[in-house]
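The structure comes first, then the notes.

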Amino acid sequence: MKIFITGVVGFIGYNLAEHLLKNKKNKVYGIDCFDDYYSVKLKKKRLNILKKKKNFYFSKIDICDYKKFKKYAGEKKFDISINLAAQAGVRYSLVNPQKYLKVNILGFINFLKVLKKNTKKFYYASSSSVYGESSNFPLNEKEKLNPKNVYGITKKLNEIIAEDFFKKNNTGIIGLRFFTVYGEWGRPDMFFLKLFKSLKTKEVMFVNNFGNHDRDFTYVGDVVRILEKLFKKNINKHEVYNICSNSPISIDNIVQDFKKNWNFKVKYRSMVKADVLKTHGSNKKILKLLNFKKFTHIDEGVKNSLNWYLKNKIHKIS
Ligand SMILES: NC(=O)c1ccc[n+]([C@@H]2O[C@H](COP(=O)([O-])OP(=O)(O)OC[C@H]3O[C@@H](n4cnc5c(N)ncnc54)[C@H](O)[C@@H]3O)[C@@H](O)[C@H]2O)c1
């Protein structure tokens, strides 16, 4: 299979590429612009690992640069194209909403326009943030969408644009509503990497809303296995799927668990307006489609992630 990934040196993009490259029959083409929202050194480290594989092809391209992106796609043909390039993060959308509109909307439209004739099947990252604040747990894909921040609004718009793209071109396209993905090569702006950093450096760990948040943490190893299976399915319409473990856990429970074995400083503070209190998705729809059964237990996922963090001395580069 020839697979094209945008945002390939990002957290999910890297893990997906690394997994797919194990199959020598796959050819993975990836682009990224090395956006500096978080450590570029970390992104370069991820790229250096991917570059060791002969079936990996990388180009530095900004998806907002239509001309360059179009020139790159040129005569290439892909079985799969997946858009993972985005301005991620809920809280930063309070600071720089313009960037979300540019990358997540303009960039996504470029992705579809440039690849329309070159790709058999399309996939794109949506987010659990499309749901907003809710109480009807576990949330299934039919739930009303009521995003609480500009990030979630751009992801909801992606889904509307994808629906329109399907109707106009009759091309299969799948939206992936990821729920708090964590794991090896994770993002320094997310909970677990912040926690690991404070364990290692003794810097204060700030915990929002006094730890009273529940998150449906989903291990990146499960995400990439789900995507690999999904890529093999025939698709002929626009569908969205929750990609989640259906096992929410309280942030403070995790912090208290770590307190038992580690000496680190925690400062609790009030809620950030962009955050939702709880995420908890139903994964029935995706499990039924793929016959995917076993999610990694959070204890095992966190153990793997911490080992990776310490072994690679990630605190020094992020
Ligand atoms: N990680 C999660 O928990 C999570 C949850 C919900 C949704 N998502 C979505 O999944 C996707 C991947 O998330 P991630 O966690 O890997 O984030 P990430 O920030 O690690 O990866 C995104 C990558 O896109 C690149 N990028 C940004 N702007 C670009 C541009 N204009 N052109 C080319 N590349 C660009 C960045 O350099 C980065 O490497 C994003 O769409 C994100 O919104 C992630």
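Axes are lines fitted to C-alpha atoms, for helices over the stretch in contact, and angles run from 0 to 180 degrees between N-to-C directions. Helices (H or I, at least four residues) and strands (E, at least two) are DSSP runs, numbered from the N terminus. The model is predicted: local features need pLDDT of at least 70, side-chain atom pairs count only at pLDDT 80 or more, and totals for chains, interfaces and linings use all residues. Residues are numbered from 1 along each chain as its sequence is written, and side-chain values use heavy atoms, with hydrogens and water left out.

**Helix α1 against α2**

- Helix α1 and helix α2 (residues 40–51) pack with their axes 10 Å apart and at an angle of about 15 degrees.
- This makes α1 roughly parallel to α2; angles under 35 degrees count as roughly parallel, over 145 as roughly antiparallel, 65 to 115 as roughly perpendicular and the rest as oblique.
- The crossing of α1 past α2 is left-handed, a term for the near helix being turned anticlockwise from the far one by less than a right angle, with clockwise counting as right-handed.
- Phe11, Tyr14, Ala17 and Glu18 of α1 make the contact with Arg46, Ile49 and Leu50 of α2, where contact means heavy atoms within 4.5 Å.
- By class, the contact of α1 with α2 has five nonpolar, no polar and two charged residues (Ala, Val, Leu, Ile, Met, Phe, Trp, Tyr, Cys and Pro count as nonpolar, Asp, Glu, Lys and Arg as charged, and the others, Gly among them, as polar).

**Helix α1 against α8**

- The axes of α1 (residues 11–20) and α8 (residues 220–231) cross at roughly 60 degrees and come within 9 Å.
- The two helices, α1 and α8, are therefore oblique to each other.
- Here α1 passes α8 in a right-handed crossing.
- On the α1 side the contact has Phe11, Ile12, Asn15, Leu16, His19 and Leu20, which meet Val220, Val223, Val224, Arg225, Leu227, Glu228 and Phe231 in α8.
- The contact of α1 with α8 has, by class, nine nonpolar, two polar and two charged residues.

**Aromatic residues**

- The whole structure holds 30 aromatic pairs; rings of Phe, Tyr and Trp (its six-membered ring) pair if their centres lie within 6.5 Å, and planes under 30 degrees apart count as stacked, over 60 as edge-to-face and the rest as tilted.
- Tyr92 and Tyr100 form a tilted pair, 6.2 Å centre to centre with 45 degrees between the planes.
- Tyr92 counts as partly exposed at 25% relative accessibility, whereas Tyr100 is buried at a relative accessible area of 0% (buried means under 20% relative accessible area, exposed over 50%, partly exposed in between, with a 1.4 Å probe and protein chains only).
- Phe191 and Phe217 have ring centres 6.1 Å apart and planes at 40 degrees, so this pair is tilted.
- Phe191 lies in helix α7 (residues 191–201) and Phe217 in the loop between β9 (214–215) and β10 (218–219), so the pair ties together parts that are 26 residues apart in sequence.
- Both Phe191 and Phe217 are buried.
- One aromatic cluster includes Tyr14, Phe191, Phe217, Phe258 and Trp308.

- Lys99 is placed in helix α5 (residues 97–115) and is buried, with a relative accessible area of 19%.
- Not counting residues up to four places away in sequence, Lys99 touches Asp35, Tyr37, Gln87, Tyr92 and Asn104.
- Arg187 lies in the loop between β7 (181–182) and α7 and counts as buried at 17% relative accessibility.
- Leaving aside neighbours within four places in sequence, Arg187 is in contact with Phe11, Tyr38, Arg46, Ala88, Gly89 and Leu193.
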